Amino acid sequence: MRGLGGLLLGLVVVLLLRSTALSAFAARGLVIDVLVFAVVVDALRNGPARGSTFGFLLGIAADLDAAHWLGRHALALTLIGYVVGRLSSTLVRDSPRTQMVLLLVATGVHQFWSAAFELSDRAAWPYVLFRTLIGTAVTAVLGTLLLGIGRRLLGGWLFHHAPTAGDTLR
């Protein structure tokens, strides 16, 4: 029950943050992809099953909030949650470099996937490409910074280390 409550609270917080505080940046062309940040953090913390579930629920809620095809965000965020969750068992999850690379790749995939549906006129390609690259870089840097601040505030590791060979034998 505690896990379900945390999952629902996370969904509500991310969707409210996206539609209120971050919408001002999006109106100016700077997309900070809080959806990907939340899915990557959840998948790093809880693994592939929870990461893909959280990604699907967050994506379908974001799809319902937007005026486009249902499932566009849900598919991408589900796959991102699963892949990051699978990788989390083999990576040093508290390394800022690892987090930066994961956020950069995951945000890039999600931003390019979303931009692919907006590319109807060739004249818009340079603008959409520029906006996608800037959004990807800003999300990766801000996400890594937020995880570092969280680590400092908590005074310890945000995630557990990847299991060793001895841990898997238990």
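Q: Buried means under 20% relative accessible area, exposed means over 50%, and partly exposed is in between (1.4 Å probe, protein chains only). Is Asp42 buried or exposed?

A: A word on the ground rules: this is a predicted model, where local features need pLDDT of at least 70 and side-chain atom pairs count only at pLDDT 80 or more, while totals for chains, interfaces and linings use all residues. Residues are numbered from 1 along each chain as its sequence is written, and side-chain values use heavy atoms, with hydrogens and water left out. Asp42 sits in helix 3 (helices are DSSP runs of H or I with at least four residues, strands are runs of E with at least two, numbered from the N terminus). Its relative accessibility is 9%, so Asp42 counts as buried.

Q: Which residue does Asp42 meet in a salt bridge?

A: A salt bridge needs a side-chain nitrogen of Lys or Arg within 4 Å of a carboxyl oxygen of Asp or Glu. Contact asks for heavy atoms within 4.5 Å, and beyond neighbours within four places in sequence, Asp42 is in contact with Gly47, Arg50, Gly51 and Phe54. One of these is partly exposed, at 25% relative accessibility: Arg50. The N to O distance of 3.3 Å makes the salt-bridge partner of Asp42 Arg50.

Q: How many residues of helix 3 are buried?

A: The buried set includes Val34, Phe37, Val40, Asp42 and Leu44. Their cover includes helix 1 (2-19), helix 4 (48-65), helix 5 (72-87), helix 6 (96-116) and helix 7 (125-154). Helix 3 is mostly covered, and the count of buried residues among its 13 is 10.

Q: How far apart are the end C-alpha atoms of helix 3?

A: The expected span of a helix is 1.5 Å times one less than its number of residues. With 13 residues (34-46), helix 3 should span 18 Å, and its end C-alpha atoms agree with that, being apart by 18 Å.

Q: Where is Ile32, and is it buried or exposed?

A: Ile32 is placed in the loop between helix 2 (23-27) and helix 3. Leaving aside neighbours within four places in sequence, its contacts are Leu22, Phe25, Val138, Thr139 and Leu142. With a relative accessibility of 19%, Ile32 counts as buried.

Q: Which helices do the buried residues of helix 6 pack against?

A: Helix 6 has 21 residues and reaches 30 Å from its first C-alpha to its last, close to the 30 Å expected. Its buried residues include Thr98, Gln99, Leu103, Gly108, His110 and Ser114. The helices that these buried residues pack against are helix 3, helix 5 and helix 7.

Q: What is the relative accessible area of Gln99?

A: Gln99 lies in helix 6. Apart from neighbours within four places in sequence, it is in contact with Leu44, Arg93, Asp94, Thr144, Leu147, Arg151 and Phe159. Gln99 is buried, and its relative accessible area is 1%.

Q: Which residue forms a salt bridge with Asp94?

A: Both partners are buried, as Asp94 has 4% relative accessibility and Arg151 has 16%. The closest N and O atoms of Asp94 and Arg151 are 3.9 Å apart. Asp94 lies in the loop between helix 5 and helix 6 and its partner in helix 7, so the pair ties together parts 57 residues apart in sequence. The partner of Asp94 is Arg151.

Q: How many salt bridges does the count come to?

A: One joins Arg50 and Asp42, and another joins Asp94 and Arg151. By the rule given above, the count of salt bridges comes to two.

Q: What accessible area does the nonpolar patch on the surface have?

A: Patches are made of residues with over 30% relative accessible area and no salt bridge, joining like charges within 9 Å and nonpolar side chains (Val, Leu, Ile, Met, Phe, Trp, Tyr) within 5 Å. Areas come from the Shrake-Rupley method with a 1.4 Å probe, and for residues only the protein chains shown count as cover. Among the members is Trp113 of helix 6, partly exposed at 33%. Together, Trp69, Leu75, Leu79, Trp113 and Phe117 have an accessible area of about 540 Å².
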